[in-house]
Amino acid sequence: MTDLSTELETGLSIARQAGEIALRYYRTGIAVETKSDDSPVTRADRECEQFIARELERAFPDDGLLGEEGAQKPSRSGRRWIIDPIDGTRDFVRGNPAWANLIGLEADGEVVAGFANMPALGELFSASRGGGAFVNGQPIHASGIASISQAVLCFDSLSSAARQPFAAHLLAWMEHFWGARCMGGCMDALMVARGQAEIWIETGGKPWDFAPLKIIAEEAGARFFTFDGQSTIYGGNCVVCAPGMEETVRQFLSQR
């Protein structure tokens, strides 16, 4: 197993500092712009990404960069840091705490470390391949629930559910769960990772949305896969689920 202690220490520090930058804007309010895909962006997004990219480049000059707000650098090491400076900008600008600074480290095409800082909640999640998953230094684990009647389903992007092949079956499937939630992408995924929910379904996302959440979930014992069953952050969608719910989700997704 590769020693990632330096990457973990550095990543935690950078994520924590990025959270402090974002919190200053979160507490005082900030103007919002709209990008070409109709998603919002703020000065806080750009400042956080510039800070994260600068600090990562300083610490790991041979590594590549890929950021939602334009940070990009080719890799000379086979590694790349993937950045979402503020995941959940809509929540951020409305004063809701369901947003995070997301940082993932990819090595030879596989995510090997990740950080999800939720500063408004005071929670910093981290994980490394083979090293476990943690929140504020305490280990987290996925739920052992395997019965749908006892499970909590998180379904993000309900607005796009009608365009999915399984749309006609969604409501009938949801009624069998103990509960359903839609707290926001990163929060939903982290709830599954820490055993507070059993399934998160995300119908649309980019690599920077998924990179750290994948490693955190997997190291907590959860499963991560796309709607067509691949283990990739580049599929445009994903599922994070407790191991006992994997077959249930795969069967649902196969419906047409």
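Start at phenylalanine 177. Its relative accessibility is 8%, so it counts as buried; buried means under 20% relative accessible area, exposed means over 50%, and partly exposed is in between, with a 1.4 Å probe and protein chains only. Before going on, note that this is a predicted model: local features need pLDDT of at least 70, side-chain atom pairs count only at pLDDT 80 or more, and totals for chains, interfaces and linings use all residues. Residues are numbered from 1 along each chain as its sequence is written, and side-chain values use heavy atoms, with hydrogens and water left out.

Now the ring partners. Tryptophan 173 is buried too, at 10% relative accessibility. A search of the whole structure gives eleven aromatic pairs. The rule: rings of Phe, Tyr and Trp (its six-membered ring) pair if their centres lie within 6.5 Å; planes under 30 degrees apart are stacked, over 60 edge-to-face, the rest tilted. The ring centres of tryptophan 173 and phenylalanine 177 are 4.9 Å apart with planes at 85°, so this pair is edge-to-face. Both belong to a cluster joined by ring pairs: Phe155, Phe166, Trp173, Phe177, Phe227 and Phe252.

Next pair. Phenylalanine 210 and phenylalanine 224 have ring centres 6.2 Å apart and planes at 70°, so they are edge-to-face. This pair links distant parts of the chain, 14 residues apart: phenylalanine 210 is in helix 6 (residues 207–219), phenylalanine 224 in strand 14. Helices (H or I, at least four residues) and strands (E, at least two) are DSSP runs, numbered from the N terminus. Phenylalanine 210 is buried at 1% relative accessible area. Phenylalanine 224 is buried at 5%.

Two strands pair if DSSP finds at least two bridges between them. Glutamate 202 has cysteine 238 as its bridge partner in strand 15.

Last, salt bridges. The count is 16, taking a side-chain nitrogen of Lys or Arg within 4 Å of a carboxyl oxygen of Asp or Glu. Glutamate 123 bridges to arginine 194, closest N and O atoms 3.0 Å apart. Glutamate 123 lies in strand 8 (residues 123–128) and arginine 194 in the loop between helix 5 (185–193) and strand 13, so the pair ties together parts 71 residues apart in sequence. Glutamate 123 is buried at 18% relative accessible area; arginine 194 is partly exposed at 25%.

Glutamate 219 bridges to arginine 129 at 3.6 Å between the closest N and O atoms. That pair spans 90 residues, from helix 6 to the loop between strand 8 and strand 9 (132–135). Both sit in a salt-bridge network of Glu110, Arg129, Lys214, Glu218 and Glu219.
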